[in-house]
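Good morning, everyone; today I would like to talk about pockets, and I will take them one at a time. Please have a look at the sequence and the structure before I go on.

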Amino acid sequence: MTTPIQYLKGVGPQKAALLAKLNITTIGELLEHYPRRYEDRTQFRQIFEVMDGQVETFCGIVTAVNEVKPRRGLIITKVRVKDHSGEAELVWFNQPYVKRMFKAGLEIIVSGKVERRFRSIQIANPEVEFLSPNDTTLHTGRIVPIYPSSENINQQFLRTLIKQALDNEPEMNENLPQDIIQQYRLIDRTGAIKNIHFPDSMEALAAARRRLVFEELYYLQSGLLFLKKKHQQSGSGVKHGPDGAQLAAAQKCLPFSL
């Protein structure tokens, strides 16, 4: 958990410097970089059914890949996708590498905001996963985490990195007493960390959040009790300063913030 982040596959010094701007410098800090929200991409639609202005998920077959340069400094990559109900066009701007990722006949899962114009359906900068019998979908077809990110660190990179870290660290050290876990019917820390990032269901997500919120409050309460005991032992009693000052001091005892 204390291993520097740059030693994860696909990171290196340059990406590590960018991750540091998100306060991620170790594997532990990566696993405690919690999602700010989630998108439920488990509900697949047929292309014909997708709604204008909504983020939708569907499965289709690539039929054509084209690149156009309408003016200097602008490259538009267009990928046509179809299912039995209709067709949609996926569009990327100034991302020429995208063209090399697609070829006719590939089966893909697409998630993105839909724009319907008359009979045409277009999705700009969608998230795409390529279907393979041996692959587990990470960015679509599931409850997908959305992380605090930056211009140079995108969502797909963060998800892939966190999944790699979870696979490399299958068991987390438990940091709560077993009697507390049993008394309050909490899930174990390993399950909480895994399901806060990649929940199998909304119920699993709720259980993970409950455990991690309880954990933070437990450490906060322990920190306050520690300060109280320290003041009592020094003979000065508890200083009743501003609540914010006491909380800030106690926060130093917390392993993370959720």
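In the second largest pocket, β5 (107-117) gives the most to the lining, with five residues. The model is predicted, so to speak of its local features we need pLDDT of at least 70, with side-chain atom pairs counting only at pLDDT 80 or more, while totals for chains, interfaces and linings use all residues. Residues are numbered from 1 along each chain as its sequence is written, and side-chain values use heavy atoms, leaving out hydrogens and water.

A pocket here is an open set of points on a 1 Å grid over the protein atoms alone, where a 1.4 Å probe fits and protein lies on both sides within 12 Å along at least five of seven lines, and lining residues have an atom within 4 Å of a point. Strands (E, at least two residues) and helices (H or I, at least four) are DSSP runs, numbered from the N terminus.

The second largest pocket has a volume of about 270 Å³, meaning the space filled by probe spheres set on the points, which are joined across faces, edges and corners. Its lining has 19 residues, and E39, V55, G112, K113 and N125 lie nearest its centre.

Turning to the largest pocket, about 360 Å³ of space lies there. Of its 15 lining residues, W92, Q95, P126, E127 and Q156 are the closest to its centre. The elements giving two or more residues to this lining are β7 (127-130) and α3 (155-168), and β7 has the largest share, four residues.
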